[in-house]
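User: I'm new to reading protein models and would like a close look at one part of this one. Could you take me through it slowly?
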Amino acid sequence: MKSSSKAMLPGITVAAIGVVFGDIGTSPLYALKEIFNGHHPIPVTPENILGILSMVFWSIVALVSIKYVAIIMRADNRGEGGSLALLALITERAKNPVLARIITLLAIFAAALFYGDSMITPAISVLSAVEGIELIAPGLKHYVIPITLVIITILFAIQKRGTGTVGMFFGPIMITWFGILGVLGVLEIIHNPSVLMALLPSYAFHFIQTHPALAFLALGSVVLAVTGGEALYTDMGHFGRFPIRLAWFGFVMPALVLNYFGQGALLLAEPDAIANPFFHLAPDWALIPMVILATAATVIASQAVISGAFSVARQSIQMGLLPRMQIIHTSGQEQGQIYVPFTNWTLYLAVVALVIGFKSSSNLAAAYGIAVTGTMLIDTILIAFVMVLMWRWNKLLVALITGLMLSVDIAFFSANAIKIPDGGWFPIAMGIISFVVLTTWRRGRSLVSQEMAKQSIPMDAFLDSLGDVHRVQGTAVFMSSSKDGVPAALLHNLKHNQVLHERVILLTIQTTDTPHVNDFERIFLHKMDHGFKRLIVRYGFMESPDVPGALEQCKRFGERFDLMETTFYLSRETIVPALAKKFSLPRARLFAVMSKNATNASEFFQIPTNRVVELGTQLVI
């Protein structure tokens, strides 16, 4: 590691603790409570307590430490992680089109499930923290939901201001949070050190053997201890692999394990503390500060999920899975700090509905887990393809490793599946809706491209037919989704206005399978006859297009653009739904609505609106 990197490591690690571990870090608030006191309660006996603690510990080891931190985090797409980054990584190497399609649909469904998870996390996290006031003053129970809604409303309202300023406080607050988690756990373990025997896997195996039905039901709540583990991989691009691993093994995981075992030690001494074992760990005088700190930690956990939803939305737009949406950059320095209004307020309405509808963190716990375990299951399948296609591992070894991981994932997913009638239907419904939207837009754009290609004419034939068309001064930039043929906007302009500019640029924006593209590889310029030039500008799926910035970079090719003398011609397609074999009528109508409500192209590509001319095209799909 370079000296400069070593100097920056402490700061990056602190920042990672503040952002990456918020979700999994707030799980002690409700995990053990739900296992012993939830919809499928486990009797609070010493044998059960030790068995459950062992299951929690080894679940954290297997699913987070081994699966995500040790294995999956090795599969980075030029530093970026997450299901869509993994998709781009695999499809590059999947030669079989059927295999590529299966992989694509799996990754899209994992991204869809993320949206369901991102709705539940703020609701259950903030609600579980605010419920601590019931221990301070039971009479305040009726104020839990109103206070939760106020906090959530403020959280979503400040998103448009950006997370940079608030983010500076995330690290210190979460370090304090994890430090107190560990201290409270140690203080209780000292009174009953025998609880540490649960570190042995034999206690988990014994519990499973003697109480198989209870163990299976318990898995549905044990998963609450590992929710957020997938965020370690998703946020890898922001902080890097090593700082996240350092923070996890060196600080976060020990603090979490100590707190869970501290709660277990408390339950061995006081079984009645199961009503809220986390807050009962703290002395009476510390309850109010703990509720305040827990609320701050859950807000930070929610912020990380919301920011993740913004990033996934931008990736989906760039990869052709969502229509253009308004994306606001909240920082001039940090490209990753963005605000997507539509995503923000959609999440807000869903979170408010969840809080009002489910009313308690215990009820929400029934809905939690199905989306996370579904995502983890898909990630295991995707990483198996990476092992074979990229890492070239022995297929027998891959089968062994994948088989072990799948057996754990399937067990957790099956245990959570029984919670579908109690609320698990919500993330599944949200995932299916998101999946239909993502795949409908992807398929619709493919059909539009095919239809546009049919209507287009070859560039060589067009140039040969120009003849004595009248030319006017200035530059015209015609944007086209295809790098072949003549853009529809150019044909319409020539048909109606009977003129062409002296310099004509045919501009195509392409999204690559990598998160970022360096400036040297961003622009390709091909000069043609009659003053025509084809310009291809490439962006990574984590970048936002900037057409004026791209034109500025053309200086290295000897091409200079004065925006006041440049006119941008855009084609706006009007979709007419029709019954077709390749696209059902309901999906065609959905695509038409999405297309109609897409953000204006000039705004999305950062083109000055006073230099834009839009020409309509009607397409039947």
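At what angle do helix α8 and helix α16 pack, and how far apart are their axes?

Analyst: Happy to! This is a predicted model, where local features need pLDDT of at least 70, side-chain atom pairs count only at pLDDT 80 or more, and totals for chains, interfaces and linings use all residues. Residues are numbered from 1 along each chain as its sequence is written, and side-chain values use heavy atoms, without hydrogens or water.

Helix α8 covers residues 144–157 and helix α16 covers residues 287–318; helices here are DSSP runs of H or I with at least four residues, numbered from the N terminus. Their axes lie 11 Å apart, and the packing angle is about 45 degrees. An axis is a line fitted to C-alpha atoms over the stretch in contact, and angles run from 0 to 180 degrees between N-to-C directions. The two helices are therefore oblique to each other, a term for angles that are not under 35 degrees (roughly parallel), over 145 (roughly antiparallel) or 65 to 115 (roughly perpendicular).

The crossing of α8 with α16 is right-handed: the near helix is turned clockwise from the far one by less than a right angle.

Now for the residues that meet. From α8 come Ile 151, Leu 155 and Phe 156, and from α16 come Thr 295, Val 299, Ser 302, Gln 303 and Ile 306. Contact means heavy atoms within 4.5 Å. Sorted by class, this contact has five nonpolar, three polar and no charged residues. Nonpolar covers Ala, Val, Leu, Ile, Met, Phe, Trp, Tyr, Cys and Pro; charged covers Asp, Glu, Lys and Arg; the others, Gly among them, are polar.
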